[in-house]
Amino acid sequence: MGTGGMHVLITLEGIDGTGKSTLHSGLGELLVDLNPVLTREPGATWVGDSVRRAIAEQADPVTEALLFVADHAAHLANVIRPALADGRIVISDRYTDSRYAYQSVTLENSIPEPLAWLQALHNGWTIVPDRTFLLIIPVDVALERLAAKSGREHFERKEILEKVQKNYLELARSDPSRFVIIDASKEKEEIRPFVAGAIRQFFLSSRSRRQR
Ligand code: TMP
């Protein structure tokens with residue numbers, strides 16, 4: 001079935017501990033008939049590995065931010081652009097809004113206007129997602145969930161996650177037609193079919209728009 005060069009780029013965002021990655025893999029199962037490309041940032045490449053190393057070694061915040069942007073460039077070039085050119089639906093677990101939400105916090109003391117700096121770094125070459133599902137949860141609940149797993153990243157502290165989540169909500173407020181806010185404290189059996197249904201509907205409506 002030809003999709004006529006249609007682009008459908010879906011991203012999942014939210015603080016650590018929202019169940020975002022579990023949702024991501026669940027969507028792969030529920031949307032298997034649409035043959036989506038499931039991908040993530042930081043990516044599964046050597047650039048992604050260097051990002052993980054920078055996180056683990058607590059590299060200086062500007063270095064870390066630039067590696068996240070480099071990872072995004074590689075992700076776009078190697079995975080996202082080719083998949084969209086093939087007419088595939090792409091669903092990414094984290095994307096540019098992660099930089100806008102997290103690095104606005106980590107760069108607070110390094111750069112005068114972190115969000116504007118980050119946006120300028122992306123403008124002109126990134127691809128803005130068609131839909132972004134933002135998982136929101138009380139930070140205490142997220143931290144309880146994270147306590148169960150080992151190997152905490154430096155982002156996973158209450159003060160940071162509070163600010164990151166606030167940044168996410170501001171991003172959503174500034175672009176309400178792209179963002180869909182999801183209450184991540186609901187059961188995954190409820191969230192998963194809702195998000196899958198919304199993606200399916202978006203895909204079908206953009207296809208009929210194209211054919212018109
Ligand atoms: P992950 O837990 O989804 O693998 O992401 C690793 C950490 O990196 C997570 O705490 C969020 C953070 N992160 C950023 O700070 N900026 C970014 O651009 C991305 C993609 C992730």
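Predicted model: local features only at pLDDT ≥ 70, side-chain atom pairs only at ≥ 80, totals over all residues.
User: What is the strand order in the open sheet, and is the pairing parallel or antiparallel?
Analyst: The order is 2-3-1-4-5 across five strands, and the pairing is parallel.

User: Which strands are at the edges?
Analyst: Strand 2 (37-40) and strand 5 (179-183), each of which pairs on one side only.

User: And what does the twist average from one strand to the next?
Analyst: It averages 20 degrees.

User: How many bridges join strand 1 to strand 3?
Analyst: Five. Strand 1 covers residues 8-14 and strand 3 covers residues 89-93, and the two run parallel.

User: Which residue in strand 3 stands opposite I10?
Analyst: That is I91.

User: Which strands does helix 7 lie across?
Analyst: Helix 7, residues 158-174, lies across strand 1, strand 4 (131-136) and strand 5.

User: At what angle to strand 4 does helix 7 run?
Analyst: Helix 7 runs at about 145 degrees to strand 4.

User: Switching to the ligand. How many residues surround it, and which are the closest?
Analyst: There are 13 residues around the ligand, and the closest are D16, R40, R94, R99 and Q103.

User: Start with R94. How far is a polar side-chain atom of R94 from an oxygen atom of the ligand?
Analyst: The distance is 2.8 Å.

User: How much of the ligand's accessible area does the protein cover?
Analyst: The protein covers 92% of the 480 Å² that the ligand has on its own.

User: Now T132. Where is it found?
Analyst: T132 is in strand 4.

User: Buried or exposed?
Analyst: T132 counts as buried because its relative accessible area is 0%, and the cut-off for buried is under 20%.

User: Which side chains make polar contacts with the side chain of T132?
Analyst: The T11 side chain is joined to that of T132 by a polar contact of 2.8 Å. The R178 side chain makes one with the T132 side chain at 2.7 Å.

User: Leaving aside neighbours within four places in sequence, what is T132 in contact with?
Analyst: T132 is in contact with T11, E13, D97, R178, F179 and V180.

Methods:
Residues numbered from 1 in each chain as written. Heavy atoms only, no water. Pairing = 2+ DSSP bridges. Helix = DSSP H or I, 4+ residues; strand = E, 2+ residues; numbered from the N terminus. Axes fitted to C-alpha atoms, helices over the stretch in contact; angles between N-to-C directions. Contact = heavy atoms within 4.5 Å. Near = heavy atom within 4 Å. Polar contact = N/O pair within 3.5 Å; in protein donor to acceptor, adjacent residues only side chain to side chain. Areas by Shrake-Rupley, 256 points an atom, 1.4 Å probe, with all protein chains shown as cover. Buried < 20%, exposed > 50% of the residue type's maximum accessible area, 1.4 Å probe, protein only.
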